[in-house]
Amino acid sequence: MSFEVVSQARCFGGTQFVYRHASRETGTPMRVAVYVPPQAKDAKVPVVWFLSGLTCTEENFTVKAGAQRVASELGLILIAPDTSPRGEGVPDDPEGAYDLGLGAGFYVDATQEPWAKNYRMRSYIEHELPELIAENLPADMSRQGITGHSMGGHGALTIALRNPGRFKAVSAFAPIASPMNCPWGEKALSNYIGPDRSAWSEYDACALIESGARVPGLLVDQGTADGFLETQLKPQLLQASCAQAGIPLNLRMQDGYDHSYFFIATFIEDHLRWHAERLSR
């Protein structure tokens with residue numbers, strides 16, 4: 001299986017692509033943005049995944065974060081998938097809410113109807129898309145890092161915790177630290193996974209850590225002016241879980257920053273350099 005090129009543009013000596021492919025997991029066409037740095041002309045290079053948040057597509061990070069300049073310097077492939085399946089017949093929230101359905105896949109494999117057929121973002125990100133990246137791009141899959149924002153921060157943390165050893169670097173921007181303990185998570189998990197809360201734990205970073213999952217360390221940035229901080233994100237829960245488990249966590253509370261891409265654009269260079277240092281070991 002291969003990618004179809006939707007668009008490509010020269011950028012800081014490399015190329016910013018948007019690809020499309022038919023997904024076996026979601027049963028739909030899927031789009032993914034990929035930045036390939038100039039160093040990839042000569043050898044395979046490390047990969048950093050960025051998982052986006054609620055309402056986003058593959059475009060938000062690609063257009064707003066300003067990550068390509070640093071990725072070009074450091075020689076990193078950037079992978080930015082979409083946040084949910086899309087297309088005719090894909091179910092959406094019947095009330096049109098932004099936090100369920102299209103744009104809100106939560107990086108889970110849904111088990112409940114009407115979501116189970118298409119909403120398989122966990123398997124898409126953990127299995128299908130890495131296979132495609134390895135087959136079609138000059139990517140060194142032995143050197144992968146993962147990060148994400150908000151819902152995507154939740155995705156990055158849980159995917160890394162469920163796949164020990166796959167990611168040499170893990171970070172997040174304003175992640176949903178414990179979906180089992182916030183309105184966004186409770187709504188999504190009850191709809192996608194069902195009422196049995198014990199089945200939710202594999203999609204909750206704090207619960208995974210408490211059950212023994214580990215990563216080498218975490219970098220997390222969180223804005224103090226983020227309107228979702230107290231009700232939805234709750235970084236103190238992640239902090240407590242990491243402290244109990246002995247996982248090194250660098251939680252940086254960034255004064256005055258909100259939940260927007262202005263926040264991400266400000267600190268993306270720090271994260272990419274943090275990833276590159278660990279991927280070069």
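**Close-up views of a predicted model**

**View 1. His-259 and its polar contacts.** The side chains of His-259 and Asp-226 are joined by a polar contact of 2.5 Å. A second polar contact, of 2.9 Å, links the side chains of His-259 and Ser-150. A polar contact is a pair of N or O atoms within 3.5 Å; within protein, one must be able to donate a hydrogen and the other to accept it, and residues adjacent in sequence count only if both atoms are side-chain atoms. The model is predicted: local features need pLDDT of at least 70, side-chain atom pairs count only at pLDDT 80 or more, and totals for chains, interfaces and linings use all residues. Residues are numbered from 1 along each chain as its sequence is written, and side-chain values use heavy atoms, with hydrogens and water left out.

View 2. His-259 sits in the loop between β9 (249-254) and α9 (261-279). Helices (H or I, at least four residues) and strands (E, at least two) are DSSP runs, numbered from the N terminus. Is His-259 buried or exposed? His-259 is buried, with a relative accessible area of 15%. Buried means under 20% relative accessible area, exposed over 50%, and partly exposed in between (1.4 Å probe, protein chains only). Leaving aside residues up to four places away in sequence, His-259 touches His-149, Ser-150, Ala-174, Asp-226, Phe-228 and Leu-233. Contact means heavy atoms within 4.5 Å.

**View 3. The open sheet.** Nine strands line up in the order β1-β2-β3-β5-β4-β6-β7-β8-β9, with mixed pairing. β1 (4-11) and β9 stand at the edges with a single partner strand each, so one side of each has no neighbour in the sheet. The twist averages 20 degrees from one strand to the next. Two strands pair if DSSP finds at least two bridges between them.

**View 4. Strand β4 and its partners.** Seven of the seven residues of β4 (residues 45-51) are buried, so the strand is largely enclosed by the rest of the structure. β4 pairs with β6 (residues 139-148) in the parallel sense over six bridges. Val-45 has Ala-139 as its bridge partner in β6. Three bridges join β4 to β5 (residues 77-81), and these strands also run parallel. Here Val-47 has Ile-77 as its bridge partner.

**View 5. Strands β3 and β5.** β3 (residues 29-36) pairs with β5 in the antiparallel sense over four bridges. Val-34 stands opposite Ile-79 in β5.

Terms used. Axes are lines fitted to C-alpha atoms, for helices over the stretch in contact, and angles run from 0 to 180 degrees between N-to-C directions.
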